[in-house]
Amino acid sequence: MSVATSVAARLPSRSTATNRGDRIRRKLAANLTAYLMLAGGLICFALFSWYPTVRAFILAFQKTNFVGASHWVGWANFERLFADPEFTAAWRNTVEFTGFALLIGFAVPFLLAVVLNEMRHAKSLFRLLVYLPVMVPPVVTAILWKWFYDPGDGLFNETLRALHLPTSSWVYSTSTAVLSLVLVSTWSNMGSTVLIYLAALQGIPADLYEAAELDGANILQRVRHVTVPQTRYVLLMLMLLQIVATMQVFTEPFIITGGGPQDATISVLYLIYKYAFVYYDYGGACALSIMLFVFLGIFSAFYLRLTRTND
Amino acid sequence: MRTPTSSRLAVLAVTAGCVLTLVACSSSSGSTSANGDVSITVNCEPPTSDPIDRKNFTDDIASFEKSHPTIQITPKDEYPCDDPKTFEAKLAGGQMENVFYVYDTDVAQVINNGQAADISSYISGVKGLDDIQPSTLSVFKDSSGKYYGLPKTNYSMGLIYNRSLFTQAGLDPNTPPTTWAQVQADSKKISALGNGIVGYADYSSGNQGGWHFTAEIYSRGGSMVTSDGKHANFDTAAGKAVLQNLQQMRWTDNSMGSKQLLTQSDVMPMMGSGKLGMYIAAPDNLPTIVKQYGGSYDNLSIGPMPGAKATLLGGDGYMFNVKDTAAQIQAGVQWLEYENLTPGLGQFNYQRAAAEKTPVGLPEPDLWNGAMATSDAQAKAKYANVPQQNYAAFQAAMQTLPGKIEPPDAQQIYSVLDNVMSGVLTSQNADINGLLSDASTKVNTLLANQ
């Protein structure tokens with residue numbers, strides 16, 4: 001075959017192009033309903049999620065009050081944040097909160113799920129009891145725990161006094177404030193996590209446990225060699241979700257401590273709120289939001305890569 | 001049977017509906033017609049949970065529209081009236097009402113941002129304008145003398161105290177403390193009553209710690225910012241004295257209780273339930289303590305701000321949307337004059353208030369000087385239904401005690417000072433010098449960024 005013939009064969013003829021156009025048109029017409037239905041979701045995402053994200057990136061480099069003209073300020077918003085003592089405190093507290101939340105909020109629900117899974121009586125009742133706190137609105141939970149933590153006549157200190165045990169300042173001391181908020185967060189959120197763990201546990205084939213028992217494995221060995229490996233994917237995914245969620249803690253410090261005492265509980269998200277709605281520094285708020293966004297994005301990508309590599 | 005075409009049409013209709021709804025949401029409010037009729041929107045209509053105030057507001061609008069037939073007012077029920085979270089967005093999105101409520105602390109920023117209309121040429125007809133206390137009116141004025149709003153209420157800080165606890169502690173309820181040393185001594189005696197009673201409480205959260213720090217440093221003759229408003233000026237002997245006094249009461253005397261990070265919504269229930277001896281506040285706290293938290297007017301007094309060098313002034317008012325037409329501003333000014341600035345009408349309709357058994361006779365708002373003040377005081381005395389003698393010390397002090405308005409960018413500064421107050425009240429060994437120095441640096445950064 002000559003070169004000319006070969007090129008001619010590769011070039012679409014007029015009639016071939018028309019046919020392709022017809023095919024596309026027919027395909028579009030056949031799926032019009034689907035595309036239109038998709039459009040609603042896409043428009044909503046574009047308006048309320050993607051556009052604000054892009055806008056936040058732009059605002060991070062601007063000074064604006066949303067009424068007058070915005071001005072480009074380069075990296076000034078970021079420089080101001082780095083010079084702010086609250087910035088360091090917010091990241092330190094958030095990382096500390098996440099660390100405690102992983103230690104307590106990850107282990108406790110898993111152990112509870114294992115215990116619930118092993119129960120033979122009143123299973124439903126205990127599941128309900130564990131899940132009940134999830135149904136309490138977060139603000140109500142925070143107000144309730146604020147009373148629990150009242151050093152004067154709060155539930156915890158009253159109980160400790162009745163038992164002749166030393167009391168604590170709970171959220172009113174810089175040394176115990178973050179840990180106290182982690183307890184609130186764990187109590188209010190663990191119901192959902194326990195249910196997911198329970199579902200994963202119930203998906204483990206019973207014959208694996210039987211085989212382990214026949215091999216003479218005790219309960220701890222069964223958990224270590226059967227339960228944990230079988231629920232590994234759920235555990236890893238929940239850990240990622242939990243880290244992303246706890247890095248964005250807001251309700252507990254906002255309602256219970258107002259970020260105090262002495263910035264001991266101010267979180268990154270709470271500082272974003274303060275920059276935007278207390279200091280009216282929208283550029284600073286967006287710059288901090290971008291930092292959190294990038295940090296969580298890199299962390300998630302790294303985490304997912306690591307867990308996939310280990311598969 | 002539904003055809004594919006009809007389902008496509010349905011989807012198109014839903015999509016179009018969503019788009020139209022979004023477009024409709026962005027339309028502005030209020031209008032001026034060619035025949036001279038003008039309609040305005042006004043926010044801060046009392047909520048339905050406060051039926052008496054809401055009815056009064058609605059009745060006032062009806063009466064006003066009757067006497068001003070070309071003006072139509074559309075009230076907007078919003079709570080809180082001035083919400084920083086939506087304020088800028090509403091202005092930017094053209095959703096801000098024609099006449100909008102604002103705290104004194106936000107006025108300067110709204111003016112500086114060009115978010116309010118200049119109403120200087122529309123207010124000359126307001127009766128009694130010259131009698132409004134200069135410190136209250138000047139809040140709505142910029143440095144060149146232009147006006148951007150009108151006041152609704154004003155307040156000055158004093159010391160609210162529980163008369164019964166004073167008596168039980170061996171103190172004279174008719175002689176409130178006038179120095180901070182006396183407050184400390186009285187607080188110690190009151191807390192010695194035991195049973196969970198706190199002698200003196202102070203705020204340290206929700207920007208309110210900084211607000212009280214400001215009131216307390218003013219009372220000692222200090223200031224928050226330099227006279228040009230560009231730098232922090234509270235890392236001084238007066239600032240240290242405020243914190244040292246609190247530190248002693250909290251940790252040495254143990255007369256402030258162990259629960260801290262308090263805000264107004266924590267302290268008012270303590271006062272209403274008889275568990276608190278004293279706290280600094282404005283007289284407008286009294287009705288809330290009685291109405292919501294079980295206090296009684298007979299048992300509550302307000303004395304002058306301890307320290308006696310100056311007292312913090314504050315308040316609220318209304319400003320005008322920068323996009324308002326001349327006719328809308330004129331209509332808004334007339335409405336505000338009717339509702340907020342005329343003795344015997346609107347918020348000063350004492351006869352109606354007394355008939356509704358709402359409190360009449362509280363020391364504030366105290367908007368006027370001269371003839372208007374006399375007229376207001378007489379009307380108030382005629383219908384008074386609260387024990388005015390309980391406020392005598394406060395009112396006597398107000399004749400001589402200088403008032404001092406809040407600093408620029410007040411809410412931002414208050415937020416920073418929360419940290420200082422919470423530091424002293426939650427940490428026995430708090431480094432007062434370090435706290436003040438850090439806060440000073442932060443406030444300087446904030447002020448430089450405005």
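Predicted model: local features only at pLDDT ≥ 70, side-chain atom pairs only at ≥ 80, totals over all residues.
1. By class, the side of domain 1 of chain A that touches domain 2 of chain A comprises three nonpolar residues, one polar residue and no charged residues.

2. Extent of the domain contact in chain A. The assignment divides chain A into domain 1 (15–59) and domain 2 (78–309), and the centres of these domains, taken over C-alpha atoms, are separated by 39 Å. Four residues from domain 1 of chain A and four residues from domain 2 of chain A take part in the contact. Between them the two domains bury about 400 Å², with 88% of this area on carbon and sulfur atoms. On the side of domain 1 of chain A, A:A56, A:F57 and A:L59 supply 89% of the area buried against domain 2 of chain A, more than any other three residues.

3. Domain arrangement in chain B. Here both domains are assigned as two segments: domain 1 covers 31–153 + 314–383, and domain 2 covers 158–313 + 388–448. The C-alpha centres of domain 1 of chain B and domain 2 of chain B lie 29 Å apart. The contact draws 15 residues from domain 1 of chain B and 19 residues from domain 2 of chain B.

4. Area buried between the domains of chain B. About 1,300 Å² is buried between domain 1 of chain B and domain 2 of chain B, 59% of it on carbon and sulfur atoms. Within domain 1 of chain B, the residues that lose the most area to domain 2 of chain B are B:T105, B:L362 and B:P363, which together account for 39% of what that side buries.

5. Polar features of the same interface. One salt bridge is counted between domain 1 of chain B and domain 2 of chain B, along with three residue pairs in polar contact (both at pLDDT 80 or more). The elements giving two or more residues to the side of domain 1 of chain B that touches domain 2 of chain B are α4 (104–112) and α14 (370–383) of chain B. Of the elements, α4(B) gives the most to that side, with four residues. The residues of this side of domain 1 of chain B divide into five nonpolar, five polar and five charged. In chain B, the side chains of B:K291 and B:D50 meet in a salt bridge, with an N to O distance of 3.7 Å.

6. The disulfide. Over all chains the structure holds one disulfide, and this disulfide joins B:C44 to B:C81 with an S to S distance of 2.0 Å. The torsion about the S-S bond of B:C44 and B:C81 is about 70 degrees, so the disulfide is right-handed. The pair links distant parts of the chain, 37 residues apart: B:C44 sits in the loop between β2 (38–43) and α2 (51–67) of chain B, while B:C81 sits in the loop between β3 (71–76) and α3 (84–92) of chain B.

7. A:Y172, A:Q262 and A:Y280 supply 21% of the area that chain A buries against chain B, more than any other three residues.

8. Polar and charged pairs between the chains. Four salt bridges are counted between chain A and chain B. A salt bridge between the chains pairs B:D266 with A:K146, whose closest N and O atoms are 3.8 Å apart. The count of residue pairs in polar contact between chain A and chain B is six (both at pLDDT 80 or more).

Technical notes: Residues numbered from 1 in each chain as written. Chains lettered and ligands numbered in written order. Heavy atoms only, no water. Buried area = accessible area lost by both parts, 1.4 Å probe. Polar contact = N/O pair within 3.5 Å; in protein donor to acceptor, adjacent residues only side chain to side chain. Domains from an automatic or database assignment. Contact = heavy atoms within 4.5 Å. Nonpolar A, V, L, I, M, F, W, Y, C, P; charged D, E, K, R; others polar. Disulfide = S-S within 2.5 Å.
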